[in-house]
Amino acid sequence: MIRSTINIKKMKKIISLSAIVILFSLISFQYVLAIGQTTKPIVIKDVLRGQEVSAELQMVNSENKETVYQLKAGGQVASWATFYKIEDTNFENPITEINLSANSRVRAVVKFKVPSDASNGQYAGEVAIIEGSSTGGEEDGVRASVFNRIGREVLITVTDKEIISLEATIIPSKYGI
């Protein structure tokens, strides 16, 4: 009888502690706000030297304020990349940053111009969106900055093989029966 009373008291303590932990977990849960980008790699195959190819970027701002994103390219394709607004179909006005209003999505285009002296092979890099600002001032020559950054892998294969796909129909001018 005494043993079952002790077990019941232990069970009540365990249940009470579990309830407190669950309640604390629910109260301390925070809504996470962040930047976002489609992160599927950009894979472009069989590009000729001097050719231009483009890919679409999709970005998300889940915060409750307007945000400015910097657009950057890195790696072996960094000098090949130029960014444009989605509306700029003629690629006339390059951009380095883009504004996103609160809780919205936006699309942009990255255009890669393969140099005419590029060797055959695979080139790797990334395109990234960066959101952030400096935190605090400079102290003893050291400055701290915090940035949110999301990169998207880029793989471009340069070749000298031109791929031509044609369909032809031949209609004779005379028929012999």
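Glu 126 is found in strand β8, where helices (H or I, at least four residues) and strands (E, at least two) are DSSP runs numbered from the N terminus. This is a predicted model, in which local features need pLDDT of at least 70 and side-chain atom pairs count only at pLDDT 80 or more, while totals for chains, interfaces and linings use all residues. Residues are numbered from 1 along each chain as its sequence is written, and side-chain values use heavy atoms, with hydrogens and water left out.

At 23% relative accessibility, Glu 126 comes out as partly exposed; buried means under 20% relative accessible area, exposed means over 50%, and partly exposed is in between (1.4 Å probe, protein chains only). Leaving aside residues up to four places away in sequence, Glu 126 touches Lys 72, Ala 73, Gly 74, Val 77, Arg 149, Gly 151, Arg 152, Glu 153 and Val 154, a contact being heavy atoms within 4.5 Å. Ala 78 sits 48 residues from Glu 126 along the chain, yet the C-alpha atoms of the two are separated by 7.7 Å.

One of those neighbours, Arg 149, gets a second look. The side chains of Glu 126 and Arg 149 make a polar contact at 2.5 Å. That term covers a pair of N or O atoms within 3.5 Å; within protein, one must be able to donate a hydrogen and the other to accept it, and residues adjacent in sequence count only if both atoms are side-chain atoms. Arg 149 and Glu 126 also meet in a salt bridge, again at 2.5 Å, N to O, the rule being a side-chain nitrogen of Lys or Arg within 4 Å of a carboxyl oxygen of Asp or Glu. This pair links distant parts of the chain, with Arg 149 in strand β9 (residues 145-158) and Glu 126 in strand β8, 23 residues apart. Side chains of opposite charge can pair when their charged atoms come close.

A search of the whole structure turns up four salt bridges. Another of them joins the side chains of Arg 107 and Glu 56 (3.5 Å, N to O). It, too, connects distant parts of the chain: Arg 107 belongs to strand β7 (residues 104-113) and Glu 56 to strand β3 (residues 52-61), 51 residues apart. Arg 107 is partly exposed at 42% relative accessibility, and Glu 56 is partly exposed at 31%. Glu 63 and Lys 65 form a salt bridge as well, with the closest N and O atoms 4.0 Å apart. Here Glu 63 is buried, with a relative accessible area of 12%, whereas Lys 65 is partly exposed at 49%.

Turning to the rings, the count comes to two aromatic pairs. One of them brings together Trp 80 and Tyr 123, whose ring centres are 4.9 Å apart with planes at 55°, so the pair is tilted. For this count, rings of Phe, Tyr and Trp (its six-membered ring) pair if their centres lie within 6.5 Å; planes under 30 degrees apart are stacked, over 60 edge-to-face, and the rest tilted. Trp 80 lies in the loop between β4 (67-75) and β5 (81-85) and Tyr 123 in strand β8 (residues 121-134), so the pair ties together parts that are 43 residues apart in sequence. Trp 80 is buried, at 7% relative accessibility, and Tyr 123 is buried too, at 15%.

As for the backbone, Asp 46 has a phi near 55°, a positive value in a residue other than glycine. Asp 46 lies in strand β2 (residues 42-47) and is partly exposed, with a relative accessible area of 39%. Asn 103 is another non-glycine residue with a positive phi, near 50°, and its place is in the loop between β6 (97-100) and β7.

Over the whole chain, the secondary structure comes to one helix and nine strands, in the pattern α-β-β-β-β-β-β-β-β-β along the sequence. Among contacts between residues at least 6 apart in sequence, 78% join residues at least 24 apart. Of the 177 residues, 25% count as buried. The chain exposes about 13,100 Å², with carbon and sulfur atoms supplying 54% of it; these areas come from the Shrake-Rupley method with a 1.4 Å probe, and for residues only the protein chains shown count as cover.

Finally, confidence: the chain averages a pLDDT of 81, and 78% of the residues score at least 70, pLDDT being the predictor's confidence in each residue, from 0 to 100. Among the elements of the chain, β5 has the highest mean pLDDT (95) and strand β1 (residues 35-37) the lowest (65).
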